[in-house]
Amino acid sequence: MKMRTFLFKLFVLMAVLVPAVAFAEIKNEGAAKVDELIKSGKYVVIDVRTPEEYAAGHINGAVNYDYYSDDFEDNLEENLTDKSKSYIVYCRSGKRSLYSAQIMEELGYKDIINLEGGFLAWENAGKPVVK
């Protein structure tokens, strides 16, 4: 009986801790820092919003992979084959991009930066937008 109680407590502890550390390797950066990184030319910029959101305005050079599409993960792996490259991911407010960055991390991508506050923060900072 003690072993069963121990295993249950261990399971509960892991259920609480695993989500808390799941995002540990993903860097969050504000619009100013992301703008600098983009200008360095070392990053691939990924917009994970819907095609409609992307068409309404996006960061110059960003590639669109819709987080909500059924084949999101497959599209990433088919098109972003170099997992050692550096990636910047953004969405409208930063939530979808954080989830996307986590997925990318699980798929083996090594250097992922999430645009904190998303496209809204980018626009609010007066950064350039392509329409």
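## The parallel sheet and its surroundings

Strand β1 and strand β5 (residues 111-115) run parallel and are joined by three bridges. One of the positions in this pairing is N28, whose bridge partner in β5 is N114. The model described here is predicted.

The pairing of β1 with β5 belongs to an open sheet of five strands, in which the pairing is parallel and the order is β1-β5-β4-β2-β3. Which strands stand at the edges of this sheet? They are β1 (27-29) and β3; each has a single partner strand, so one side of each has no neighbour in the sheet.

Strand β2 (residues 43-47) pairs in the parallel sense with strand β4 (residues 86-90) over five bridges. In that pairing, V45 stands opposite I88 in β4. Strand β2 also pairs with β3, again in the parallel sense, over two bridges. Here D47 has N64 in β3 as its bridge partner. The pairings described above are set out in the table.

| Strand pair | Sense | Bridges |
|---|---|---|
| β1 and β5 | parallel | three bridges |
| β2 and β4 | parallel | five bridges |
| β2 and β3 | parallel | two bridges |

Why is strand β2 described as largely enclosed by the rest of the structure? A residue counts as buried when its relative accessible area is under 20%. Four of the five residues of β2 are buried, so this strand is largely enclosed.

G30 is found in the loop between β1 and α2 (31-39). With a relative accessibility of 27%, G30 counts as partly exposed. Between G30 and G118 there are 88 residues of separation in sequence, yet their C-alpha atoms are 8.6 Å apart in space.

### A patch of negative charge

On the surface, a patch of negative charge is formed by D70, D71, E73, D74, E78 and E106. Which element gives the largest share of this patch? Helix α4 (residues 72-79) does so, with three residues. D70, in contrast, is placed in the loop between β3 (63-64) and α4. Is D70 buried or exposed? Its relative accessible area is 85%, and D70 is therefore exposed, since the term applies to values over 50%.

Definitions and conventions: Residues are numbered from 1 along each chain as its sequence is written. This is a predicted model: local features need pLDDT of at least 70, side-chain atom pairs count only at pLDDT 80 or more; totals for chains, interfaces and linings use all residues. Side-chain values use heavy atoms; hydrogens and water are left out. Patches are made of residues with over 30% relative accessible area and no salt bridge: like charges are joined within 9 Å, nonpolar side chains (Val, Leu, Ile, Met, Phe, Trp, Tyr) within 5 Å. Accessible areas come from the Shrake-Rupley method with a 1.4 Å probe; for residues, only the protein chains shown count as cover. A salt bridge is a side-chain nitrogen of Lys or Arg within 4 Å of a carboxyl oxygen of Asp or Glu. Lys and Arg count as positive and Asp and Glu as negative; His and the chain ends are not counted. The place of a charge is taken as NZ of Lys, CZ of Arg, CG of Asp or CD of Glu. Buried means under 20% relative accessible area, exposed over 50%, partly exposed in between (1.4 Å probe, protein chains only). Two strands pair if DSSP finds at least two bridges between them.
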